[in-house]
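Please open the model in your viewer and keep the selection panel at hand. Each stop below says what to select and what is there.

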Amino acid sequence: MESLEAELAAARDLDVAELADAIESIGFECTRCGGCCTGYAPDEPGGAPAGEGADETDGAGSGERGSECHDRDGKDADREPHTATVFPDEVRRVADAAEEMSGEAYDWRDVARPMPFGLDADADGEPVGETFEWALATDDCGDCTFYEESDGQGACTVHDARPLICRTYPFSVALDGTSQPMGEAVDEAGVVRAHECEGLGRDISREDAEELAAALKERAVRELEEAIGVRDGYDPAARERADGDAVVFDSEGPKAADGTPIGGE
Ligand code: SF4
C-alpha cells in the first residue's frame, strides 16, 4: 500500500470530469428505497453505505426519536444496524440542520455513535475500548436516526446537510485508505466502483453525474485527510485518562463517546 500521503495526492489529482464519465457510464438514479439508510439483514449485501458489518455493542444514540421500524421486505428480524462513517465536522453540521428542522436540541450523541468495530460493551451496554471513526446514530430498528419513510418512499430529514458518504452512495473510488462499502463492487469504470443498489444502471444527467463526481472526489480527499489526522494525533495515554470508557480517536483528537474532547494532562 502506498503511504496515506501518496494516496491523498492521488485523490487530489482525481479528475472530476473523468469521474463523471465513469458515473454516467454505470448509470444511477436514487429510487428512495431507503436501502442505504436503514439496517439490513445479515445476509443482505450492501445494505449500508459504509463499513464492514456491525455489532451492537455501542448502545449510544439510539431510539430517542423515531420508533417505528420500516418493514423492508419482511427483513426486520435479526437486522444489523446501519453503519455509515461521519466526519467530526459533519456531526456538528447535521446537528445544526436537525435542530433547525425540528426546533429541538441535538447533541453529539443524537447524531453520532462510536464506530462499533473493535469496541466491546460493559455490563450496562456502554461501549469500552477504542475506535477511530464515528458512525451515524441509529434508532431502535437499526435505521439511521434521520431516515423517515412514508408510503414506501424514503426521505432524509437532513438532506441538504447529509454527510459525504450519503451524498456519494453507492459509489466509491479505488484508492487505498478510502472507505469501501461492504460487499464486492458490482460494477466499475476507471477508478470508480459501484456497490449494491437498485438505482444502478439508470440514466443520469451530466449535471447530476458531475455533482456526484465532485462529492466523490471531496469524500476521497476528506477520508484520507481524516486518516492522516487520526494517525498523527493518536495518543495511547488518552485511554488511561478516559478511565475505562470508550475513546474515539478522530482527526481532532481523542473524544469520549458523547463527543467531548479528552484533553491532555
Ligand atoms: S443522514 Fe440521511 S442520507 Fe444519510 S443515512 Fe441518514 S437518512 Fe440516509
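The tour goes from a helix to a sheet, then to the ligand, the core and a loop.

This is a predicted model, in which local features need pLDDT of at least 70 and side-chain atom pairs count only at pLDDT 80 or more, while totals for chains, interfaces and linings use all residues. Residues are numbered from 1 along each chain as its sequence is written, and side-chain values use heavy atoms, with hydrogens and water left out.

Begin by selecting residues 88-102, which form helix α3; helices (H or I, at least four residues) and strands (E, at least two) are DSSP runs, numbered from the N terminus. Now colour Pro88, Glu90, Val91, Val94, Ala95 and Ala98, which are the buried residues of α3 (buried means under 20% relative accessible area, exposed over 50%, partly exposed in between, with a 1.4 Å probe and protein chains only). Looking down the axis of α3, you will find that these buried residues fall within an arc of 145°, so they line one face of the helix; the arc is that of the directions from the helix axis to the C-beta atoms. The face turned away from the buried side carries the exposed residues Asp96 and Glu100, and just after α3 comes Gly103, with a positive phi of about 75°.

Next, select the three strands of the open sheet, whose order is β1-β6-β2 and whose pairing is antiparallel (two strands pair if DSSP finds at least two bridges between them). Because β1 (85-86) and β2 (112-114) stand at the edges with a single partner strand each, one side of each is left without a neighbour in the sheet. Between β2 and β6 (residues 134-136) there are three bridges, and the bridge partner of Pro114 in β6 is Trp134.

Which residues are around the ligand? Among them are Cys37, His82, Leu136, Cys144 and Arg162, taking a residue as near if one of its heavy atoms lies within 4 Å.

Then move to the largest nonpolar core, which has 26 residues (a set of buried Ala, Val, Leu, Ile, Met, Phe, Trp, Tyr and Cys residues joined through side-chain atoms within 4.5 Å). Those touching the most other members include Ala11, Ile23 and Phe171, and the largest share of this core, eight residues, comes from α6.

Finish at Asp13, in the loop between α1 (4-12) and α2 (16-26), which counts as exposed at 65% relative accessibility.

How values were computed
The expected span of a helix is 1.5 Å times one less than its number of residues.
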